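Have the model open as you read.

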Amino acid sequence: MKLSGKEKVSYGLGAVGKDMVYMLSASYILYYYQDILGVNAIAMGIILMAARVFDAFNDPIMGVVVAKTRTRWGKFRPWLLIGTLLNGVILYLMFAAPPGLDGQGITAYAAITYILWGVTYTMMDIPYWSMIPAFTEGGKERESLSTLARSCAGVGSALITIITMMWVPMLGHGDERVGFQRFAWIIAVLFVVFISITCINIKEKSNVDVEPPGVGQMFRSLVQNDQAMTVVWTIVLINCSIYITSNLVIYFFKYDFGGADWNSSYTLFNMFGGAVQILSMMLFFPLLRKFLSAIQVFFVSFVMAIAGYGVLLALTFTNMSNVFLLFIPGFCIFAANGMLSVLTTVFLANTVDYGEWKNHRRDESVIFSMQTFVVKLASGVAALIASICLSLCNLSSDTSGAAGSAAASSVAGLRMTMTVIPIGGLLLALLLFRRKYILTEEKVREITEQIKETSEEPQG
């Protein structure tokens with residue numbers, strides 16, 4: 001029985017909610033603790049990176065725990081709901097640091113809450129993606145739902161990009177610390193509501209008892225799947241490049257673009273970028289797919305992103321008095337990011353079939369748990385790079401935020417970090433993917449047919 005529209009909408013809403021939470025943490029946690037609360041930038045970078053290293057062990061372990069779960073509500077929904085409730089609470093606490101803390105106290109608070117946030121997010125995220133095979137029939141339906149969910153996740157990310165610095169000053173009446181606390185509470189509530197709708201309306205249609213692999217076996221399965229490894233490393237490089245920019249763009253507007261009205265310019269730019277990102281997933285990608293293969297669209301997206309960063313770098317060394325000029329590189333970067341996020345999910349799904357064909361084992365849980373890990377790893381690496389940049393460039397809350405208030409060398413370092421390093425990361429990703437990825441549409445069809453033929457053979 002095919003999925004109903006209600007089930008698709010419910011699953012998509014869950015993706016919107018969880019990526020709103022993720023983007024709020026990935027893009028603003030460094031700004032909140034470093035620029036608003038005054039935590040040392042390097043200390044924050046180390047905290048964010050250490051939490052991601054911890055996730056290297058936590059994610060696959062959670063995959064095993066989920067696989068071994070047996071309840072009347074299935075193996076996925078209990079963890080999805082429990083993880084969401086806990087993560088919503090931790091998200092609020094993370095952006096509600098007690099005013100009385102300072103120095104080592106606030107640094108310790110940031111470390112504890114961020115690590116707990118990562119653990120509880122994993123508790124929810126892995127069952128969310130791993131449950132797809134349990135209520136879809138495979139083939140086109142599974143690919144279609146994966147693409148829809150990734151597109152909805154992009155919508156959630158884009159919404160946070162658009163509204164955060166619009167709502168935070170308004171909710172805090174000019175006090176960003178209070179504004180972030182109230183905004184985090186609103187996002188946490190929406191998150192719980194959206195995932196609850198998912199849990200209510202999505203039910204597992206298959207309950208095949210497959211012995212769950214151990215952690216070591218899970219990593220071995222991934223390493224033995226060379227195509228999965230290629231896509232995983234490509235995702236790391238792409239997301240690291242994008243997250244470096246997303247972490248630093250608020251500092252760019254505050255200390256480089258400057259002016260008393262920098263917040264309005266930043267919000268306007270993000271509104272434009274968020275809209276473009278949504279359109280790229282919902283409109284531009286399907287349109288290009290009518291004329292180009294998925295891999296060709298992938299390459300086009302890379303060219304757009306790299307060109308966008310090049311134009312942005314050139315514009316930063318001109319008199320940036322008009323935010324609308326930044327829309328030119330912004331369009332290329334945001335549109336490319338939207339299409340790349342959809343395509344990497346599709347390519348990752350293809351590696352599941354490839355792994356079954358090559359290794360005679362279907363490892364959805366391995367692939368999707370590693371996807372969760374590598375995305376968070378990329379955000380940790382990006383945050384560390386951004387924090388080093390902020391420390392070396394001496395950009396902090398001590399700076400007034402007016403145009404020209406930061407030293408010329410500091411501004412130049414910020415510009416180079418948020419453009420040149422992402423260009424290098426994207427070029428590496430493009431080179432790796434071009435050399436290693438072999439799953440063209442023809443190859444995928446061939447593998448699918450061979451798997452089908454093998455499954456239909458009588459067992460001796």
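His 173 sits in the loop that joins α6 (139-171) to α7 (176-201); helices here are DSSP runs of H or I with at least four residues, numbered from the N terminus. This is a predicted model, where local features need pLDDT of at least 70, side-chain atom pairs count only at pLDDT 80 or more, and totals for chains, interfaces and linings use all residues. Residues are numbered from 1 along each chain as its sequence is written, and side-chain values use heavy atoms, with hydrogens and water left out.

**The loop residue**
- His 173 isn't a glycine, yet its phi is positive, at about 50°.
- With 72% relative accessibility, His 173 counts as exposed (over 50% relative accessible area; buried is under 20% and partly exposed is in between, using a 1.4 Å probe and protein chains only).

**Aromatic pairs**
- Searching the whole structure turns up 33 aromatic pairs (Phe, Tyr or Trp rings, the six-membered one for Trp, with centres within 6.5 Å; planes under 30 degrees apart are stacked, over 60 edge-to-face, the rest tilted).
- Phe 298 and Phe 347 pair edge-to-face, because their ring centres are 5.0 Å apart and their planes meet at 85°.
- That pair connects helix α11 (residues 294-316) with helix α12 (residues 327-359), across 49 residues.
- Phe 298 and Phe 433 form a tilted pair, with centres 4.5 Å apart and planes at 55°.
- Phe 433 lies in helix α14 (residues 408-436), so this pair ties α11 to a part 135 residues away in sequence.
- Phe 298 is buried at 0% relative accessible area, and Phe 433 is buried at 2%.

**Charge over a ring**
- Arg 415 has its charged end over the ring of Phe 317, 4.8 Å from the centre (the cut-offs are NZ of Lys or CZ of Arg within 6 Å of the ring centre and within 35 degrees of the ring normal).

Definitions and conventions:
Helix = DSSP H or I, 4+ residues; strand = E, 2+ residues; numbered from the N terminus.
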